[in-house]
Amino acid sequence: MLEPTLHYYHLGAGVTAFSTTRHGGYSKGRYGEFNINRYCGDDEQAIGRNRELLCRLLGIDDNRLLMPHQVHLTETAVVNDDLLALATEAQRERLDGFDALMTDVAGVCIGVSTADCIPVLLYDPRHRAVCAIHAGWRGTVLRIVEKAVAKMAAVYGTQPSDVMAQIGPGIGLDSFEVGDEVFEAFADGGFSMGSISKRLPTTDGMGEKWHIDLPGCNRLQLLSAGVGADHISVLPVCTFQQADNFFSARRLGVNSGRIFTGIIINSTEATEQARRRCS
């Protein structure tokens, strides 16, 4: 029996947090092997079988594995009992047009899909609430991470200083070459360009282009939102440079698989078991 190979994060005993890799599923070619994104052209049967594998590993039903149809904006959907009571197709329709999900319901895996963009996970252990964020360069410019932290405060009473944050696999500064218009979008957005950008030689050696540090930019947003520096972890993985293990749209093309970065609030029993393992 195949099993997806996950990269796990340590945000606390109360949650299970992870990113999928390319390994351990049924997808083929540039979607191989493990992809559960229905919006990138993969075979629907392979996607369904991969979802079954992940749900079995997480110990949840398929209707409790949720991912939005992302549009590179900043809206966050609240996953609650009313949404979970909907049929699968109605759930998908309700989650169309969002780039982040948040919930305080245990046993529900929320996540986002990326392949060079930056996934960010948030966990509020005091209120047992979580959030998964898709931060591409457009969402980053629009400060989706700051807005998501603010929405957790509004919905759950989250104090930013309590939040544990994980920045997952995404394209790094050395590989994220951008045009002047992207550089200007960040500059116009009020970002400190000296701390998030560099001018580097092009691959053809014919000049230089701007490079943006997307993981670093989202880390700065977390700090600006009030999350403590010691509560922020950044996975040192560049998807473009490590495309054998993590999907990269720049390396593989847009018709390729996607990483799923998810988080699930453990049941009280599972949380206690995790605490005992760590003690």
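Which residue in β14 stands opposite G111? The residue is G262. The model examined here is predicted, so local features are reported at pLDDT of at least 70 and side-chain atom pairs only at pLDDT 80 or more, whereas totals for chains, interfaces and linings use all residues. Residues are numbered from 1 along each chain as its sequence is written, and side-chain values use heavy atoms, with hydrogens and water left out.

Helices (H or I, at least four residues) and strands (E, at least two) are DSSP runs, numbered from the N terminus. Two strands are taken to pair if DSSP finds at least two bridges between them.

β11 (residues 197-201) and β12 (residues 208-212) run antiparallel and are joined by five bridges, with L200 opposite K209. The hairpin of these two strands has six residues between them, and G205 in it takes a positive phi near 70°. β12 also pairs with β10, again in the antiparallel sense, over two bridges; here W210 is the bridge partner of V178. The loop between β9 (164-167) and β10 (177-178) contains S175. This serine counts as buried at 12% relative accessibility, where buried means under 20% relative accessible area, exposed over 50% and partly exposed in between (1.4 Å probe, protein chains only).

Buried positions in α8 are L214, P215, G216, C217, N218, Q221 and L222. An α-helix has 3.6 residues a turn, so residues three or four places apart point the same way. At the start of α8, a side-chain oxygen of D213 comes within 2.9 Å of the backbone nitrogen of G216. This is a polar contact, that is, a pair of N or O atoms within 3.5 Å; within protein, one must be able to donate a hydrogen and the other to accept it, and residues adjacent in sequence count only if both atoms are side-chain atoms. After α8 comes G226, with a positive phi near 105°. The C-alpha atoms of G226 and S175 are separated by 29 Å, and the two residues are 51 residues apart along the chain.

With a disulfide defined as a pair of cysteine sulfur atoms within 2.5 Å, the count is zero. For C55, the closest cysteine sulfur is that of C109, at 8.0 Å, which is too far for a bond. C109 is likewise in no disulfide. C55 is buried, with a relative accessible area of 5%, and C109 is buried at 0% relative accessibility.

Cavities were located on a 1 Å grid over the protein atoms alone, as sets of points where a 1.4 Å probe fits but cannot get out; lining residues have an atom within 4 Å of a point. Grid points are joined across faces, edges and corners, and a volume is the space filled by probe spheres set on the points. One cavity of 30 Å³ or more is found in the whole structure. The largest cavity holds about 150 Å³ of space. Its lining consists of R38, Y39, R51, D62, N63, L65, L66, M67, T88, Q91, R92 and L95. β3 and α3 (88-94) are the elements that give two or more residues to this lining, and α3 provides the largest share, three residues.

Several backbone geometries remain to be described. Most residues other than glycine have a negative phi, and most peptide bonds are trans. The peptide bond from G32 to E33 is cis, with omega near 0°; E33 is placed in the loop between β2 (15-20) and α1 (44-58). H72 has a positive phi near 65°. This histidine lies in the loop between β3 and β4 (76-79) and is partly exposed at 31% relative accessibility. R143, also not a glycine, has a positive phi of about 60°. It occupies the loop between α4 (137-141) and α5 (144-156), and its relative accessible area of 24% makes R143 partly exposed.

Terms used: On a 1 Å grid over the protein atoms alone, a cavity is a set of points where a 1.4 Å probe fits but cannot get out, and a pocket is an open set with protein on both sides within 12 Å along at least five of seven lines; lining residues have an atom within 4 Å of a point.
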